[in-house]
Amino acid sequence: MKNQKDAIKKIAFNYGIIWGLLSIALSVIAYVTDNHIERPMWLTIAGLAIMAGIIVYGLKAFKSENEGYLSVSESLKVGLAISLIAAIIGAIYNYIFITVIEPEYVIQMLEFSSEQMVIQNPDMTQEQIDMAIGITEKMMTPTIMTAMGIIIPLFLGFITSLIAGLIMKVNRPEH
């Protein structure tokens, strides 16, 4: 049992760091190409592909260290541990990004959101837009954005680990 916990820790640490660093690289690419505000679909797809690939490879590594066996509960433990490490790394980077690297990021996001609301809902009154932006502004504090930067990868990691675990599951034979 201790070997299994050690394997989970090692795999979570290694694959979580890889996912975290790849996420940071993707964010830097988005920033350098001036896509960090608008976030085109390719960025979302690339981020999800990185997440799914890292979790699946982490589960494969755990399975091979676990004599070829993997239960759904083990896949959830491994996947969530990987997700937690990556989420912490990503949240630290995002906090530094919005407080040091690009302190105008929140303002830019609010302006972009306001423009999108007008485009998508031309019948909205200015009062409705101001109210929606006010709510959005309250959600875009560094603390809330950091918390969401941890919660969302954990949720997505849970779903990915569950699906991958169901597909990759090989139970130990009963003696």
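Biologist: How many salt bridges does the structure hold?
Modeller: Two. A salt bridge here is a side-chain nitrogen of Lys or Arg within 4 Å of a carboxyl oxygen of Asp or Glu. Keep in mind that this is a predicted model, where local features need pLDDT of at least 70, side-chain atom pairs count only at pLDDT 80 or more, and totals for chains, interfaces and linings use all residues. Residues are numbered from 1 along each chain as its sequence is written, and side-chain values use heavy atoms, with hydrogens and water left out.

Biologist: Which residue forms a salt bridge with lysine 10?
Modeller: Glutamate 65, with the closest N and O atoms 2.8 Å apart. Glutamate 65 lies in helix H2 and lysine 10 in helix H1, so the pair ties together parts that are 55 residues apart in sequence. Helices are DSSP runs of H or I, at least four residues, numbered from the N terminus.

Biologist: And which side chain meets arginine 172 in a salt bridge?
Modeller: That's glutamate 67, at 2.9 Å from N to O. This pair links glutamate 67, in the loop between H2 and H3, to arginine 172, in the segment after helix H6 (142-168), 105 residues apart.

Biologist: Is glutamate 67 buried or exposed?
Modeller: Exposed, because its relative accessible area is 61%. The scale goes like this: buried is under 20%, exposed is over 50%, and partly exposed is in between (1.4 Å probe, protein chains only). Arginine 172, at 41%, is partly exposed.

Biologist: What is the phi of glutamate 67?
Modeller: Most residues other than glycine have a negative phi. Glutamate 67 has a positive one, near 60°. Arginine 39 also has a positive phi, near 45°; look for arginine 39 in the loop between helix H1 (2-32) and H2.

Biologist: What about lysine 63, buried or exposed?
Modeller: Buried, yet without a salt bridge. The nearest side chain of opposite charge, glutamate 74, is 9.6 Å away (Lys and Arg count as positive, Asp and Glu as negative; His and chain ends are not counted). Lysine 63 sits in helix H2 (residues 41-65). Leaving aside residues up to four places away in sequence, lysine 63 touches Gly68, Tyr69, Leu70, Met168 and Val170, where contact means heavy atoms within 4.5 Å.

Biologist: Where is isoleucine 88 found?
Modeller: In helix H3 (residues 72-101). Isoleucine 88 counts as partly exposed because its relative accessibility is 37%.

Technical notes:
Helices (H or I, at least four residues) and strands (E, at least two) are DSSP runs, numbered from the N terminus.
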